[in-house]
Amino acid sequence: MQYIKKQNTEPADWNNWFTVPPNRRSYDYGADDRSLPDLRLAKSFLINEQHSLCAYCQQKITLENASIEHVTPKEHNKELSTNYFNLVAVCKKQQVLDPLTGNLHCDSTRGSELLPPLIFYSNAQSTDQNLNKYFSAYSTREVVPKHRLDMNTKNQVEAFISQLNLNHSIIKNKRAKDVLTGISIAANSVADKQRYWRAQYTRILLDLGHPFREYLLVYIGPKIGLN
Ligand SMILES: [Zn+2]
């Protein structure tokens, strides 16, 4: 999970990206964004906004392996289906089914179920800025509710993890590899780690292809007070 810092207002061209000639809003675009090139601009905008990480499972995403996801599903509120604040980019079901993951990808895992209101809510910032109040990760990168949450909050966090199947072994292993490799590069003590990442921050930020760039921006930067 990451906090997605949405703009205060929708991007200037947002409405145009979602308008299909002749002047129809594209409610039912689904995954067919190839036939609607402007939707790819919207998707690209969302991917950049999320530092190229899936909004739910945090795998790296690109224009080709991501789709636009309705936080509040279309089935529940059609009007929100093109609302900037209701849309995020997530990893997409692969064409060839993986025998282990099957259909498991974030654009299809939960179907049209509503997510717990605590974490995602419609027509507002997509995510709560204090996500780290709710989630913790073991060293195995299994996502779990934080200690000492009240029962209602804990239930919602557990429901969220389960609805999106965030601890599926494939996703968990990938997370462990990507995140932990980045973090473990630094020395052992917290102070050493902070010094290391502060020193590397600008260099990695400017290196668009750096393997840990997204993780530095999303996870490590906020921890060391850099973004
Ligand atoms: Zn995902």
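Reader: Is F85 buried or exposed?

Author: Start with the cut-offs: buried means under 20% relative accessible area, exposed over 50%, and partly exposed in between, with a 1.4 Å probe and protein chains only. F85 has 16% relative accessibility, so F85 counts as buried.

Reader: What should I know about the model first?

Author: This is a predicted model, where local features need pLDDT of at least 70, side-chain atom pairs count only at pLDDT 80 or more, and totals for chains, interfaces and linings use all residues. Residues are numbered from 1 along each chain as its sequence is written, and side-chain values use heavy atoms, with hydrogens and water left out.

Reader: How many helices and strands does the chain have?

Author: Helices (H or I, at least four residues) and strands (E, at least two) are DSSP runs, numbered from the N terminus. Here there are six helices and six strands. Their order from the N terminus is α-β-β-α-β-β-β-β-α-α-α-α.

Reader: What share of the chain is buried?

Author: Of its 227 residues, 44% are buried. Contacts tell another part of the story. A contact means heavy atoms within 4.5 Å. Take those between residues at least 6 apart in sequence: 62% join residues at least 24 apart.

Reader: How do I read a pair of aromatic rings?

Author: Two values describe such a pair: the distance of the centres and the angle of the planes. Rings of Phe, Tyr and Trp (its six-membered ring) pair if their centres lie within 6.5 Å; planes under 30 degrees apart are stacked, over 60 edge-to-face, and the rest tilted. The count here comes to seven aromatic pairs. In one of them, W14 and Y84 sit edge-to-face, at 5.2 Å centre to centre and with 75 degrees between the planes.

Reader: Why does the pair of W14 and Y84 tie together parts of the chain?

Author: W14 lies in helix α1 (residues 14-17), while Y84 is in the loop between β3 (66-70) and β4 (87-91), so the pair links parts 70 residues apart in sequence. W14 is buried, at 0% relative accessibility. Y84 is buried too, at 0%. Y84 also pairs with F85: the centres are 4.8 Å apart and the planes at 65 degrees, so this pair is edge-to-face.

Reader: Which residues form the aromatic cluster?

Author: W14, W17, F18, F45, Y84 and F85 form one cluster.

Reader: Which residue lies over the face of Y84?

Author: A charge sits over a ring if NZ of Lys or CZ of Arg is within 6 Å of the ring centre and within 35 degrees of the ring normal. K6 lies over the face of Y84, at 4.2 Å from the ring centre.
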